[in-house]
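The paragraphs that follow walk through some charged side-chain contacts and their surroundings, and end with a residue in a loop. Please keep the sequence and the model open while reading.

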Amino acid sequence: MKRALAGLVMLGVVIVVIARLARDADEVVDAAVSTRSGEVHRGGPRSLARDLSAGIEHRYAISMDHASKPNEGDPFALAIDGEWALGVVATGDPMITTIRAELHEPRVRLRGVTTPAPKLGVPYTFTLGSDGRLLALQFPKDLDPDSRMVLTALATAAQIADGGTAAAWTAVETDSLGSYEAKYTREGAALAKTKIAYRKAGEPIAVRVLASSTTIALRADGWAASIEQRESLDVGFDKASVEVAGTTILRHLGERRVVAMLPLGLETVAIDAVSAATRDQGDRELLDGASLSDLIYVLGSVRDDGNASAHTYLRMVALFRLDPDAARGAGEQLLGGKLDPRDASAVIGALGEAGTPVAQQALSKVVDASTVAEDQRVAGALSLGLTEAPLPSTIETLQAAAKSPDADLSATAMLALGNAALRTATHDATAAARQVEDLLARLERAGDVSERVILLRALGNTGDARILPALELALASPSDLVRAAAAESLRLIPDGRADALIIAMLDDVSPIVRTSAVFAANHRRLDPVVQALAAHARDDKDASVRRAIVELAGQRMNELPSLLRPIVVNAAERDADADVREIAKKFLV
């Protein structure tokens with residue numbers, strides 16, 4: 001029975017449902033420094049709880065098929081389906097969020113027979129901490145252990161680590177089997193998640209990741225529109241082992257406004273605790289006593305193994321968070337040119353990911369040092385732009401680097417300044433405003449097109465509504481590149497005028513500008529612009545523009561199905577370009 005229940009435990013491994021709710025405007029999902037738009041974004045996860053608001057219940061259709069194959073005994077297969085309803089009850093201090101969950105009409109298929117499972121249909125709640133990890137669950141006191149196991153597995157789905165606007169990031173999450181390291185990448189409007197390795201499984205379980213793939217399509221409000229996950233793990237119990245494989249598909253069915261009341265008579269089951277002490281303990285477990293020289297040696301020996309390299313990188317981040325002297329030492333090695341270029345790149349990224357004051361100071365010295373290789377100074381400026389809470393000295397370093405005669409360093413620093421203004425605004429609005437004003441002043445003085453393009457993109461990173469007049473002027477520029485950069489930079493502006501400008505730029509004479517307008521629309525609510533997008537999906541003369549619209553409509557089809565699905569269907573059946581037709585057909589499978 002213990003090995004059979006591994007299939008139930010695995011539900012927590014293979015389901016991912018909740019994504020963050022967007023801030024006032026959807027944030028950009030492009031690369032850290034995009035060849036297309038040049039955004040600079042941080043790489044670390046951000047809290048889910050900050051953006052969750054009470055009053056809306058989201059419903060998901062769930063379909064899960066899992067099979068376990070023990071090294072001794074008979075195979076075991078299990079399937080569960082039903083409708084999962086989720087509503088935020090409250091967000092407390094320090095950023096603790098409670099979610100009410102209930103599985104409606106749950107059905108279990110075992111040995112080919114499907115039967116109702118009313119025990120799984122009880123309301124329960126779970127609590128998320130500020131980093132998005134599951135802290136505890138609250139069940140009815142008389143609920144049996146097996147049902148608790150299944151509902152716990154569902155609750156672990158709430159742990160999607162948001163990477164903000166980064167193209168890729170890593171995180172530590174927790175499920176029924178223990179804590180694990182995960183790598184996220186962003187692909188258009190979707191997230192791809194790969195589980196790297198378990199840090200410490202629950203005793204006496206040992207878990208090895210055999211295969212892992214999760215794709216998450218996001219709605220405009222930040223909740224998941226659809227989830228497709230496939231995973232295979234080897235779960236060991238002493239001398240026995242079970243290979244568990246599973247496929248999970250979730251589809252957003254709709255939402256409704258509710259008052260999510262707390263169920264009565266629940267008892268709390270602690271899963272973890274979010275605090276600085278807990279994070280430090282987790283970092284110590286991950287680091288396992290390794291020094292910087294140990295990790296650099298390991299990094300050089302595992303370069304051809306992506307998962308092992310990512311694991312070592314996470315350990316380096318943990319080291320820099322735990323040990324200020326190690327962060328200083330890493331900076332000194334960079335300044336002295338003692339690291340292999342590939343190792344130097346990893347160290348610079350890890351310092352930025354750690355983001356501690358000492359790590360920022362070490363990176364600032366690298367950026368300031370004219371004796372350091374230019375590519376490392378550029379990487380240092382990028383990492384400073386990814387820092388969650390930039391120091392005043394970090395801003396000064398980026399401002400100085402923005403005046404560098406080296407074009408790459410100057411451009412990266414300006415983009416980083418825009419990103420830093422966005423991050424600073426959450427805790428120091430006055431300082432953020434000064435950064436925006438400085439970038440606007442630079443734009444007014446800018447002479448050539450390339451400098452204007454970089455500054456427009458830097459301003460777009462700020463998401464500040466005060467940049468809108470400058471963008472409006474740039475949208476009238478005779479330069480296609482300037483208009484395109486201004487159109488892209490509308491994406492985060494929390495003002496309805498930005499939607500009107502996006503619609504206007506869909507009629508621009510340049511396909512580059514029209515595609516940029518689609519790019520901006522893809523990071524906002526689609527209601528105001530969907531009719532214009534539909535018209536251009538049918539009639540635009542440029543296939544690249546039609547393709548961009550079809551991809552947008554396909555990825556976000558569940559948000560406005562009556563308006564977006566016809567765009568995809570029409571393209572699949574009638575578009576003049578074969579590639580556009582094929583792309584559209586894939587969304588309709």
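Asp438 is partly exposed, with a relative accessible area of 26%, where buried stands for under 20% relative accessible area, exposed for over 50%, and partly exposed for the range in between, computed with a 1.4 Å probe on protein chains only. The structure is a predicted model, in which local features need pLDDT of at least 70 and side-chain atom pairs count only at pLDDT 80 or more, while totals for chains, interfaces and linings use all residues. Residues are numbered from 1 along each chain as its sequence is written, and side-chain values use heavy atoms, with hydrogens and water left out.

Which residue does the side chain of Asp438 meet in a salt bridge? The partner is Arg442, at 3.1 Å from N to O, a salt bridge being a side-chain nitrogen of Lys or Arg within 4 Å of a carboxyl oxygen of Asp or Glu. Both residues belong to helix α13 (residues 429-445), where they sit 4 residues apart, about one turn of the helix; helices (H or I, at least four residues) and strands (E, at least two) are DSSP runs, numbered from the N terminus. Arg442 has a relative accessibility of 10% and therefore counts as buried, whereas Asp438, at 26%, is partly exposed.

Asp81 forms a salt bridge with Arg107, and the closest N and O atoms are 2.8 Å apart. This pair links distant parts of the chain, since Asp81 lies in strand β2 (residues 76-92) and Arg107 in strand β3 (residues 96-110), 26 residues apart. Asp81 is partly exposed at a relative accessible area of 23%, and Arg107, at 32% relative accessibility, is likewise counted as partly exposed.

Arg107 also forms a salt bridge with Glu105, with 4.0 Å between the closest N and O atoms. Glu105 counts as exposed, because its relative accessibility is 64%. Through salt bridges that share partners, Asp81, Glu105 and Arg107 are joined into one network. By the rule given above, the count for the model comes to 24 salt bridges.

The last stop is Ile493, which is placed in the loop between α16 (480-488) and α17 (496-505). Is this residue, Ile493, buried or exposed? With 0% relative accessibility, Ile493 counts as buried. Ile493 and Ala520 are separated by 27 residues in sequence, and their C-alpha atoms are 9.9 Å apart in space.
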